[in-house]
Amino acid sequence: RLQEGDRIEDMPAEWFASAGDIDWSNGLEANWRIMCITRQLAEHRWQEAYDAMHGALTSGSEIMKTLLLELKCEMVFTCLVLGKTDEARGYYDGEVKEYASKYSSTQSSKKRLQAAWSLVADGDRAKAKELLGYMQAHRDDYLMRGEADMDISLTEYLLHRDESIEAGDTA
């Protein structure tokens with residue numbers, strides 16, 4: 001459904017109900033849980049997403065390399081949203097940067113991450129807006145159009161929030 005343009009937050013909530021512990025070393029379970037985290041992000045449930053990722057990253061489980069990199073990318077984004085920039089820097093190492101760069105033309109979430117980094121960590125609003133413009137212009141080129149719409153929306157949210165903060169709006 002994501003390929004057809006449905007957004008993850010518009011899918012039935014029961015698909016994402018979580019009961020019990022997750023075996024992060026099991027690729028299917030880990031991938032499913034990352035989808036649950038993605039839904040939390042789409043719904044701006046930042047702390048819940050952070051707690052789930054922190055639990056995974058500190059669980060001591062052997063997590064498949066690609067899923068570990070996905071988790072770290074989303075953790076960087078979430079830390080930036082939550083104002084935990086120093087923690088984000090710890091996760092945004094050379095390997096994660098390279099991974100995000102490599103897949104940024106095919107996965108909108110990597111452009112979202114780059115835009116968030118530009119805005120929050122680097123303070124480069126113009127670069128963040130440029131990356132948002134790229135996502136908007138290439139929305140139909142992404143395989144997961146529903147995910148692209150979500151990533152565009154999340155990037156717009158961050159830019160708007162930043163603009164409100166700069167204007168002194170605390171509401």
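Biologist: Which helices each supply at least two residues of the lining of the largest pocket?

Modeller: Rolling a probe the size of a water molecule over the atoms shows where empty space is left. Here helix H1 (27–42), helix H3 (65–81) and helix H6 (108–121) each give at least two residues to that lining. Helices are DSSP runs of H or I, at least four residues long, numbered from the N terminus. A pocket is an open set of points on a 1 Å grid over the protein atoms alone, where a 1.4 Å probe fits, with protein on both sides within 12 Å along at least five of seven lines; lining residues have an atom within 4 Å of a point.

Biologist: Before we go on, what sort of model is this?

Modeller: It's a predicted one: local features need pLDDT of at least 70, side-chain atom pairs count only at pLDDT 80 or more, and totals for chains, interfaces and linings use all residues. Residues are numbered from 1 along each chain as its sequence is written, and side-chain values use heavy atoms, with hydrogens and water left out.

Biologist: Okay, what volume does the largest pocket have, and which residues lie nearest its centre?

Modeller: The volume is about 410 Å³, counted as the space filled by probe spheres set on the points. Of the 18 lining residues, Met 35, Glu 70, Gln 107, Met 144 and Glu 147 lie nearest the centre. By class, the lining has 7 nonpolar, 7 polar and 4 charged residues; Ala, Val, Leu, Ile, Met, Phe, Trp, Tyr, Cys and Pro count as nonpolar, Asp, Glu, Lys and Arg as charged, and the others, Gly among them, as polar.

Biologist: And which helix gives the most to the lining of the second largest pocket?

Modeller: That's H8, with 5 residues. The second largest pocket has a volume of about 150 Å³, and its lining includes Leu 80, Leu 119, Leu 158, Arg 161 and Asp 162. H3, H6 and H8 are the elements giving two or more residues there. The classes come out as 6 nonpolar, 2 polar and 4 charged.

Biologist: How are H7 and H8 oriented to each other?

Modeller: The axes of H7 (residues 125–137) and H8 (residues 145–166) cross at roughly 155° and come within 10 Å. H7 and H8 are therefore roughly antiparallel (the cut-off is over 145 degrees; under 35 is roughly parallel, 65 to 115 roughly perpendicular and the rest oblique). Among the residues in contact are Leu 132 and Met 135 of H7 and Ile 152 and Leu 159 of H8. This contact has 5 nonpolar, 2 polar and 6 charged residues.

Biologist: What about H5 and H6?

Modeller: Helix H5 (residues 94–103) packs on H6 at about 125°, with the axes 8 Å apart. H5 and H6 are therefore oblique to each other. Tyr 99, Ala 100, Ser 101 and Tyr 103 of H5 meet Lys 110, Leu 113 and Gln 114 of H6.

Definitions and conventions. Axes fitted to C-alpha atoms, helices over the stretch in contact; angles between N-to-C directions. Contact = heavy atoms within 4.5 Å.
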